[in-house]
Amino acid sequence: MSKEALKHEKQQDIQLYINGEFVDSASGKTFENFNPFTNEQVNVVAEGDKADIEQAVAAAREAFDNGPWGTMKLKERMKYIYKIADLIDEEVERIAYLESLDTGLPISQTTNMVARASENFRFYARMVEARLVGEAYQVDDEFINYTLNTPVGVAGLITPWNAPFMLETWKVAPALATGNTVVLKPAEFSPLSANLLAEVIDRSGIPAGVFNVVHGFGETAGDALVKHPDVQLISFTGETTTGSTIIKNSADTLKSVSMELGGKSPIIVFDDADFDRALDACIWGIFSFNGERCTANSRLFLQEGIKDRFVEALKERVLNINLGNPLDYNTQVGPLIHKEHYDKVVSYLQIAKEEGCEVFTSEISEENKKGNFVAPTLLLNATNDMRVAQEEIFGPVMAVMTFKDEEEAVRLANDIAYGLAGYVWTNDGKRGHRVAHALEAGMIWVNAQNVRDLRTPFGGSKDSGIGREGGHYGFGFYTEQKIVHVAIGNHRIPQFGK
Ligand code: NAD
């Protein structure tokens, strides 16, 4: 379908995808899905809850225990994974369009993001073929012990709305490639591309029950998935407080959990940094994806020598950023996902004023006022103890602070509960490494914006998460490691009662 035709397409209402069928929710209930640019309804979505989760998990369990998936030869399983990747490639324009319509993320950015989604499937297919290998342990001439990697069972995947398709495929691909079956609970604010993922996977011909999608709210559908005794693991991406609730709720059924949580990441710019590149990276890092980015550099620490010049340059850029329709390729910042989230972000601008910041931002034009727009905003004269410097705002808002020397920069950057990402800009190579080592975060970039390599570990420390996704790091999570001990000699066996 052409780009123009996509714009005139009416979005159909969305059903759940359970056991290879698109179905209404058991209760018949639905919820409304809104366009963040107009706040008009896009469509309605089947609202799954406990009953639907029961059905989806039963289907996934059956497909794992008795369906062909559990016994399928690796090569055949991978054919489905590669096929899904090919089918995603055929749909890239449509997925990007739906993602922008649903979330308000600018289409130039969703296009790049979803182009990488098919690579998630290919990458994990290759990874499983090449790197999901066991180990052998020789014990003198008595034993040979070897490890096997087996799928865990039914994987419950719970995802947020800020990069929906990318994050869903980032979990679905390794879960399926390693041989698990899946129940996905996508975020309620962004159901469109998750529905398309179900359509694409359905078209791949994958056996019924291997992949299921239950739309619905976190407190009902998500909660039922987390508590279900037949679900072995939960991979979650979302807010830190939700992650903590999920860990508590999954305890009774002893699930393994992977937690990719919130962030409030520092960017440290030293006087000797490449000024223009640091400026570009700093602006992109906070205002791309509407600032709704877990690894956003929402805390800027400027060394005192460049502070004035850097802040002036930031102000000039902030006033020039294009706000507008997320479906327009020239738009750089679109509306926030939902009215509720908009209210939260705006409340932080008020808090910033009360805490003594100068709130520097541009005007929202009349035509954008119907959408959930927050213009790119600098919180000048912030200090690290303020709420706006400590709490995740998750919008296009950056707290700007200063430091004297390396010791102070590291101390301030680490003085926070989160530990997801960090960015360092300096032309002193030794110092770049030193600061990278000292920062308490899972992922650091030195003289770079957030460019990722799928082979590397992804995840956070402190309140930003537990565990690592990406590369072979997820294998431990999506597989059981079994050890087989084989006697090859006559080792001693105690002879009780002889
Ligand atoms: P959220 O925690 O509100 O929701 C995420 C998902 O959890 C949704 O599908 C929601 O329905 C579900 N959920 C909510 N309550 C639940 C419960 N009690 N039981 C089970 N499921 C429940 O997060 P959000 O607002 O959708 O996303 C934004 C957050 O995600 C930010 O904090 C951001 O930093 C974080 N995030 C982290 C990463 C990362 O990799 N670390 C990546 C993207 C986003």
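Contact here means heavy atoms within 4.5 Å. I note that this is a predicted model, where local features need pLDDT of at least 70, side-chain atom pairs count only at pLDDT 80 or more, and totals for chains, interfaces and linings use all residues. Residues are numbered from 1 along each chain as its sequence is written, and side-chain values use heavy atoms, leaving out hydrogens and water.

**Entry 1: domains**

I looked up the domain assignment, and found domain 1 (16-261) and domain 2 (266-446); such bounds come from an automatic or database assignment. Their C-alpha centres lie 31 Å apart. Across the two, 24 residues of domain 1 are in contact with 32 residues of domain 2.

**Entry 2: cores**

Next I looked for nonpolar cores, meaning sets of buried Ala, Val, Leu, Ile, Met, Phe, Trp, Tyr and Cys residues joined through side-chain atoms within 4.5 Å. Buried is under 20% relative accessible area (1.4 Å probe, protein chains only). Which residues have the most contacts inside the largest core? They are F211, V269, L300 and F310, in a core of 104 residues. Helix α7 (residues 164-177) gives the largest share of this core, 9 residues; helices are DSSP runs of H or I, at least four residues, numbered from the N terminus. Both domain 1 (16-261) and domain 2 (266-446) give residues to this core, so it lies between them.

I then followed F310: beyond its neighbours within four places in sequence, F310 is in contact with V269, F275, A278, L279, C282, L300 and L302. Another core, of 28 residues, lies apart from the largest one and includes A382, A389, A399 and F403.

Note on methods:
Buried < 20%, exposed > 50% of the residue type's maximum accessible area, 1.4 Å probe, protein only. Helix = DSSP H or I, 4+ residues; strand = E, 2+ residues; numbered from the N terminus.
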